[in-house]
Amino acid sequence: MGKAQGKAKQLKGKAKETVGKVVGDRHMEAEGKAEKLHGKAQEILGKIKKSGGS
């Protein structure tokens, strides 16, 4: 997974988090937050791989 996939996952997570807040679904909100964090990690790994890291 690369930088672009990580960014996409962050956006999807943000949307899910926002919808969860609007409809009062704490579970969906938490899933969105987790997805955002996972996307951020993927983005960082993509940057590391692009720069020649492991």
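Which residue's side chain meets that of E29 in a salt bridge? The legends below, which describe a predicted model, begin with this pair.

**Figure 1. Salt bridge between E29 and K33 within helix 2.** The side chain of E29 meets that of K33 in a salt bridge, with an N to O distance of 3.8 Å. Both residues belong to helix 2, where they are four residues apart, about one turn of the helix. E29 counts as buried, since its relative accessibility is 17% and the limit for burial is under 20%. K33, by contrast, counts as partly exposed, with a relative accessibility of 39%. A search of the whole structure returns eight salt bridges, and the pair shown here is a salt bridge of this model.

**Figure 2. Salt bridge between K16 and E31, linking helix 1 and helix 2.** The side chains of K16 and E31 form a salt bridge with an N to O distance of 3.7 Å. K16 is located in helix 1 (residues 3-23) and E31 in helix 2 (residues 26-50), so that the pair links distant parts of the chain, 15 residues apart. Both partners are partly exposed: K16 has a relative accessible area of 25%, and E31 has a relative accessibility of 34%. K16 and E31 also belong to a network of salt bridges that includes K12 and E35. In general, side chains of opposite charge can pair when their charged atoms come close.

**Figure 3. Salt bridge between K36 and E17.** The closest N and O atoms of K36 and E17 are 2.8 Å apart.

**Figure 4. Packing of helix 1 and helix 2.** The axes of the two helices come within 7 Å and cross at roughly 165°. Helix 1 is therefore roughly antiparallel to helix 2, as an angle over 145 degrees counts as roughly antiparallel. The crossing of helix 1 past helix 2 is left-handed. In general, the angle between the axes and the distance between the axes describe two packed helices.

**Figure 5. G13 and H38.** G13 has its place in helix 1. The relative accessible area of G13 is 0%, and the residue is therefore buried. Although G13 and H38 are 25 residues apart along the chain, their C-alpha atoms are separated by 8.9 Å.

**Figure 6. H27 and E17.** H27 is placed in helix 2 and is exposed, with a relative accessible area of 56%. The C-alpha atoms of H27 and E17 are separated by 9.2 Å, and the two residues are ten residues apart along the chain.

**Figure 7. Nonpolar surface patch formed by V19, V22 and V23.** Together, these three valines have about 290 Å² of accessible area. V23, one of the members of the patch, lies in helix 1. The relative accessible area of V23 is 57%, and this residue is therefore exposed, the limit for that class being over 50%.

Technical notes: Residues numbered from 1 in each chain as written. Predicted model: local features only at pLDDT ≥ 70, side-chain atom pairs only at ≥ 80, totals over all residues. Heavy atoms only, no water. Salt bridge = Lys/Arg side-chain N within 4 Å of Asp/Glu carboxyl O. Buried < 20%, exposed > 50% of the residue type's maximum accessible area, 1.4 Å probe, protein only. Patch = residues over 30% accessible without salt bridge, like charges linked within 9 Å, V, L, I, M, F, W, Y side chains within 5 Å. Areas by Shrake-Rupley, 256 points an atom, 1.4 Å probe, with all protein chains shown as cover. Axes fitted to C-alpha atoms, helices over the stretch in contact; angles between N-to-C directions. Parallel < 35°, antiparallel > 145°, perpendicular 65-115°, else oblique. Left-handed = near helix turned anticlockwise from the far one by under 90°.
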